[in-house]
Amino acid sequence: MAVNKNSNGYTFLFSTLMVVIVGTALAYTSLSLKPLQKANEADKKMVNILGAIGVTASRDNAKEEFSKYVTERISVTFAGKEVNKTSGEIDATDKTDPFNINVKKDYRGIIGKIVKSTKKDPELQESKLMKADVAYPLYVCVKNDSTFYVAPVVGTGLWGPIWGYVALMDDAETFYGATFDHKTETPGLGAEIREVFFTEKFAGKTLNNGADVVFEVKKSGSVTDEHSVDGITGGTITSKGVGEMLNRTLPVYVKYLEQTSNQKAQL
Amino acid sequence: MSTEVKEIKKSESLFSKKNRRLLSDPLNDSNPITVQVLGICSALAITVQVQQAVIMSAAVLFVMIGGNVIVSLLRNLIPDRIRIIVQLVIIAALVIIVNEVLKAFLPDISEKLSVFVGLIITNCIIMGRLEAFALGNKPGPSFLDAIGNGLGYAWILLAVAFVREIFGSGAFSFPGIGQLKFIPDSWFIANGGFYENNNLMILPPMALVVVGIIIWVQRSRNTKLIEEN
C-alpha cells in the first residue's frame, strides 16, 4: 500500500502521533526528575536564607547549616497575625510548613497583580493586600547567641522578577544583612543588586517604623540617611523595585514582631 | 539482481574513508564555528569557564547525536511540507530533556548556563545538520556526522574557554577537584607581585576576539580555506 506522504491526511496523522509521543516522553522526564529538582531548589533557598545572616553555605552542607542556625519557621498574615510556627526537620510534602511557602508564586499569582493595579493608591493597595489569602514566611535564626529574623521579599525590577532575603535584628528595626537576586535585569546595571557592594550598604540601616515609607532606595548619588540607601547607577528602576518590595513586605513582619514583643512584655 | 549489488555497495563499513571524513572534516576544514560561523552566540556567552564549556559541549553533542539519528531514522516518513517543524520539535524535546536533567543533577551549572541550554534549540549547527545531512543519509553516517560536528563545536568552545579562564581568572575551578592554579599567588599585585587578571577576558567581546584569532591561525595553516578574491 503506497502512502501519499504529501497528503493532508498523512501530515495530520504524522503530526498528531509526533505530538503524542514527544508529549509523553517530556511529561515522563519532567515528573520523574521533579523530586530531585525540588530538593535542589530547597537547598538553594537555605543557602540564600543563611546568606542573609552572613553564613556562607553550599548546597552540600545547606541542610546541616540550616538546622544549626534557623531555630523557628513562622508564617504570618498581612496583618501580622501568626498562622503557623514550626521547627525541626523540613518535610517537603507538608504544605503548612512555612518553609514550603512559595513566595515567588504568591507574588506572581496574587500580590504582583494587586501591586500593579493599585500603584497610585496606597490605601486601596493595603486593603486589597489585607484581604488577599497569602501567608508570609519568616525565619528565626540564632547566630552567636543573638536572634535575627530573615524575611523573604519579592518584587519587580525593570525586566522581570527580583527577590531577596533581608535579615533584621531582634529590635525589628535594624538591618543586619540582605541578599538580592534577579532573573533578567540588565547586566552591569540593574543586575548589580546581587553584588556585595550594594547589599553591604544595608547593614546597620534602620526601618522608619510607623511612617508611610519605612525604607527608601534612593536614586544613585542622592544624600542618604539611616532610613535609606543609595541605588545603583543606571539601574534606577531596578533600585526602585528593591525599595518597593522592602516597603511593602517588611512592615508585615514588623507588625508581627511588635505584637509578639508586646505580648512578651505583658506576661 | 541490480538492487542487491546496490545494497552491498551501500552497506560499506561504518569507518570507510568517506565516513571517516564525516568525523574529521568538521574538526578542521568545515568547522561549524570557525569556517561556517554557526552557533557563535553560545560560543561567546558560555566560554568564561572551561567547566561551563564542557557541560555545554556535552549538551550540544547529545542533542546533535539524538536529533541526527532520530531524523535519519524517520527520513522516509517525515512529510516534506512539515519537515522543519518536525525537526524543531525533535530538537526542542531533546533540549528540554537535557535542561531537566541538568536541573536535577547539576543545579549550579544549570544556573550558570541559564537560558543558553534552552537556546541550543536555536543553535544553527544542529538544525543545519538535520536539514543538510540527516534527512538524506542513513543513521550510521548521520551518527558520525553528528559526532564530528559536535566535537568541532566542542573543541573551539574549549579552546576559547581555556584562554579566557587562564587570563581572566588565573585558575581553573572544577567542582570536586578544586582549583587548578596557573598563575602563582605571589605574582598577584594584591600579594606584592606584578600580575593582575584581565577582567576584559571575562566579558563577551573577548570571546569574539579569541574566536577571531583562532580563525586567523586556522586559515594561515590551512590555505584551502582562504577565499580567492
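Helices (H or I, at least four residues) and strands (E, at least two) are DSSP runs, numbered from the N terminus, and with these terms the briefing describes a predicted model. In this model, local features need pLDDT of at least 70 and side-chain atom pairs count only at pLDDT 80 or more, while totals for chains, interfaces and linings use all residues. Residues are numbered from 1 along each chain as its sequence is written, chains are lettered from A and ligands numbered from 1 in the order in which they are written, and side-chain values use heavy atoms, with hydrogens and water left out.

**Chain B**

- Chain B contains ten helices and two strands, and along its sequence they follow the pattern α-α-α-α-α-α-α-α-α-β-β-α.
- Of its 229 residues, 44% count as buried, where buried means under 20% relative accessible area, exposed over 50%, and partly exposed in between, with a 1.4 Å probe and protein chains only.
- Among the contacts in chain B with a separation of 6 or more, 74% join residues 24 or more positions apart, a contact being heavy atoms within 4.5 Å.

**The interface of chain B and chain A**

- The size of an interface is often given as the accessible area lost when the parts come together.
- Between them, chain B and chain A bury about 1800 Å², with 63% of it on carbon and sulfur atoms; buried area is the accessible area (1.4 Å probe) that two parts lose on being put together, summed over both.
- B:Pro79, B:Arg81 and B:Glu100 supply 27% of the area that chain B buries against chain A, which is more than any other three residues.
- The contact takes 21 residues from chain B and 19 residues from chain A.
- Three salt bridges are found across this interface, each being a side-chain nitrogen of Lys or Arg within 4 Å of a carboxyl oxygen of Asp or Glu.
- The side chains of B:Asp108 and A:Arg59 form a salt bridge, with 2.9 Å from N to O.

**The second largest pocket**

- On a 1 Å grid over the protein atoms alone, a cavity is a set of points where a 1.4 Å probe fits but cannot get out, whereas a pocket is an open set with protein on both sides within 12 Å along at least five of seven lines, and lining residues have an atom within 4 Å of a point.
- The second largest pocket holds about 380 Å³ of space, a volume being the space filled by probe spheres set on the grid points, which are joined across faces, edges and corners.
- This pocket is lined by 17 residues, and the closest to its centre are A:Leu17, A:Met18, A:Ile21, A:Val22 and B:Leu74.
- Helix H1 (8-52) of chain A and helix H5 (83-105) of chain B each supply at least two lining residues, and H1(A) gives the most, with nine residues.
- By class, the lining has 17 nonpolar, no polar and no charged residues, where Ala, Val, Leu, Ile, Met, Phe, Trp, Tyr, Cys and Pro count as nonpolar, Asp, Glu, Lys and Arg as charged, and the others, Gly among them, as polar.

**The largest cavity**

- The structure holds one cavity of 30 Å³ or more, and the largest cavity has a volume of about 90 Å³.
- Helix H3 (103-117), strand E4 (146-156) and H6 of chain A are the elements that give two or more residues to its lining, and H3(A) gives the most, with four residues.

**Two residues of chain A**

- A:Ser239 lies in helix H6 (residues 236-266) of chain A and counts as buried, at 2% relative accessibility.
- A:Leu189, in the loop between strand E6 (175-182) and helix H5 (196-199) of chain A, is partly exposed, with a relative accessible area of 33%.
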